[in-house]
Amino acid sequence: MKSFVCVHGHFYQPPRENPWLESVQREESASPYHDWNERITAECYGPNAHARILDAQGRITAIVSTYARMSFDFGPTLLSWLEARAPSTYAAVLAADREGAARFGGHGPAMAQAYNHVILPLADARDKRTQVLWGAADFKRRFGRATEGMWLPETAADTATLEALADAGVLFTVLAPRQASRVRPPGAGGWTEAGDAGVDTSRAYRVLLPSGRRIAVYFYDGGVSQAVAFEGLLTRGEHLAGRLTGVLPPDAPEGSLAHIATDGETYGHHHRFGEMALAWALEDIARGSGTRLTNYAEHLALHPPEWDAELVEGSSWSCAHGVERWRSDCGCHTGGRSGWTQAWRGPLRAALDRLRDGTRSFFEEAARPLLKDAWAARDAYIDVVLDRSPESVARFLAAHAAKPLAPAEEVQVLRLMELQRHAMLMYTSCGWFFNDLAGLETVQVLRYAARALELAKEAGGPDLGEPFLALLAKARSNDPAEGDGRQLFARRVLPARADALTAAAWHGTASIAEERAKTARFDCWELTQEDSRRLRKGEARLAVGRLSIVSTMTRAATQASYCYLLEGEPLPGGAVSIFPGLKAYEAMLWETTNLFSQGDFGALRAAIAKHFPEGPQARRTLSADEERRSAELLLQGPAALAEEAFVRLYEGQAPLLRALARRGIRAPEALSAAAKFALNVRVRRLLEEPEPDLKAVADALDELGSEAVALDEEGLAYALSRLLRRLCEAVQAHPEDARAATVLAEAAALAKRRAPGADLWTVQNLLFAVVTDLLPERRKRRADAAPSAWVHAIQAAASHLNIKV
């Protein structure tokens, strides 16, 4: 094979977790999805794991993983979110690395990424080292192997950064062509400036480091990468394939490489169906001759670098001014209104640097009597970040403690480690990338800073807030309404704070709606119910209780009591506080429950205020997500009662309503509404049956039509897609069951006929696996006989779901 093609995707989202909750809160700008991670997973990360290749009639001929045929990196914090919130996509990414390794000579297509996307040339030596070590350790834990390469955030590089990579055993990285300063051929050749002509991107280079080590570097093809990202090259797969295979001239040397690198989100999020164009192109190149797909790790093993290169120090792929985009008003931005500047970037970095330096001196001093080597412990703390179990924490403490630690000292060590974690998270590059100080990403890094300030104070350190805020006040938003950094911090950062009492408030409000389990989890807190009383009087409800609460981050423990009342308001009201002692709790419990039993709600509210004297501070504000969860719990019972009432009302009047419909007489509006609701509920319930009667579903749909009742098309599409997924899973689990296959075919036909808007993406993935894994063997088994009912049913289902067999 003479030449090679490699496509690299850099898949990354900034960490979005609320630093106090360790969970991603609702982001309205991502609507209708919960948050941007969820939205981009639906548009990009999932589709790239199951990319469609279509024939001329638009039928699915293949579903492939683009990851397995390309080179890719995933941000560690994004993989952590996928593991918890999109496990099937997460598993597909890991599986793609194994599949790709089998294709590419044992070299998986995945490579590591520096941990939380810090611009490493702007980081000090300690953060450089930890970011690289954490990225490599995270990769090994997830992919089950050591990484060969590492993607640098924004490809930002300097010699010290490459030294950190080499020190961690990383073999190569990928940079932009403009990051090459000069190159030198093997032998006694002299150096040649890269200059305006650019560097020859068709080979690997080695960078000789001051330590005597060396690291390989690939400079990607900037022109084709630009065309993919911004010039519409993904409109057709054949255009992409032609451009990639046309990069190298026919007389290119043996082993020459045509390769591009873009944000992975280009394929599906930035460009809808971009993953399909990529899948088609990779498939076309794989079928061709003369050019072979590869990844960087395989190419490096086959064709080690012979040329040397030197870098442009402090350079990157997304800033023409080096790394100024992350510390000054260099002119690089993503748009915005006329007259806007990014003068806020410098003061933001200065404030964070001041905070980092202040926490460093305290960290070293506080850790000295507890840890053998505080910085070595920080480097190893990634093991705890990846596994918060008590056993993992115990292993970490056993390895790094300077002496046997008391429980309070263990909490102190974990607080110090979390302080350092947040002091790195606050440097996530997206905080500087966009247009304004008040942007979502910048507010997020400020929240990490706020959590670092809080942890330092909890650990007994100095109050670093005022020096930090004094510098932050020099950063001003372009929006006069947002003001300066100090004002923004007070308005957009501090209200996101949460603590153990927030967990108690959620538990208390949820207890109004239902009996809570003895043990529960609320984001990063473990709750144990020590006492619980739930009372009801008419429509009024009361929940009083006492909780033990443990942080899963620091193992800090506390006790809290709560009292919540639902009476005359849409949501419960009440208070929480740190447990004041058993005598005080019992006095509060006795008084509040007695007043509730008497129905004296005014006196009850006064008693709550008396026993929880912190007042508004004790009344923790729930986030939008938590209020929504609380409301859903409260509404479950009333919603079920209302549903049954509508069904009974309709069924009692159904004969008359049908007679009116046949005569063209319009029914009263209230009864029409009951008919619409009841008939749509009937359809939904039929589809949710363990063994659905699809004829009854069709009859119910016909009845909707005969009574001129509007069909809930969205609800039908959702219910049918859930049913089809369940039936596909049944066929996979019981491949000998012809009845299951027949029901699947009937449901697929119903969906095609009555719910063309149903989301069939997951169903198609499951059925395509049946078609490719099970159907050929069943056909072969019946080669000398008529096709079985199972084969007929699977072929019919595939046809209805637009899959070519």
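How much space lies in the largest pocket? In this predicted model, in which local features require pLDDT of at least 70, side-chain atom pairs count only at pLDDT 80 or more, and totals for chains, interfaces and linings use all residues, the largest pocket holds about 1700 Å³. Residues are numbered from 1 along each chain as its sequence is written, and side-chain values use heavy atoms, with hydrogens and water left out. On a 1 Å grid over the protein atoms alone, a pocket is an open set of points with protein on both sides within 12 Å along at least five of seven lines, a cavity is a set where a 1.4 Å probe fits but cannot get out, and lining residues have an atom within 4 Å of a point. Volume is the space filled by probe spheres set on the points, which are joined across faces, edges and corners.

The largest pocket is lined by 42 residues, of which Ala-42, Asp-759, Leu-760, Trp-761 and Thr-762 are the closest to its centre. The greatest contribution to this lining, 7 residues, is made by α25; elements supplying at least two residues each include α1 (36-49), β4 (51-54) and α27 (761-773). Helices (H or I, at least four residues) and strands (E, at least two) are DSSP runs numbered from the N terminus. The lining comprises 17 nonpolar, 14 polar and 11 charged residues, where Ala, Val, Leu, Ile, Met, Phe, Trp, Tyr, Cys and Pro count as nonpolar, Asp, Glu, Lys and Arg as charged, and the others, Gly among them, as polar.

The largest cavity has a volume of about 50 Å³, and its lining divides into 6 nonpolar, 4 polar and 2 charged residues. In the second largest cavity, of about 40 Å³, the largest share of the lining, 4 residues, comes from α4. Phe-143 is one of the residues lining this second cavity.

Phe-143 in α4 also takes part in the contact with α3, where Arg-141, Arg-142 and Phe-143 meet Tyr-90, Val-93, Leu-94 and Asp-97 (contact: heavy atoms within 4.5 Å).
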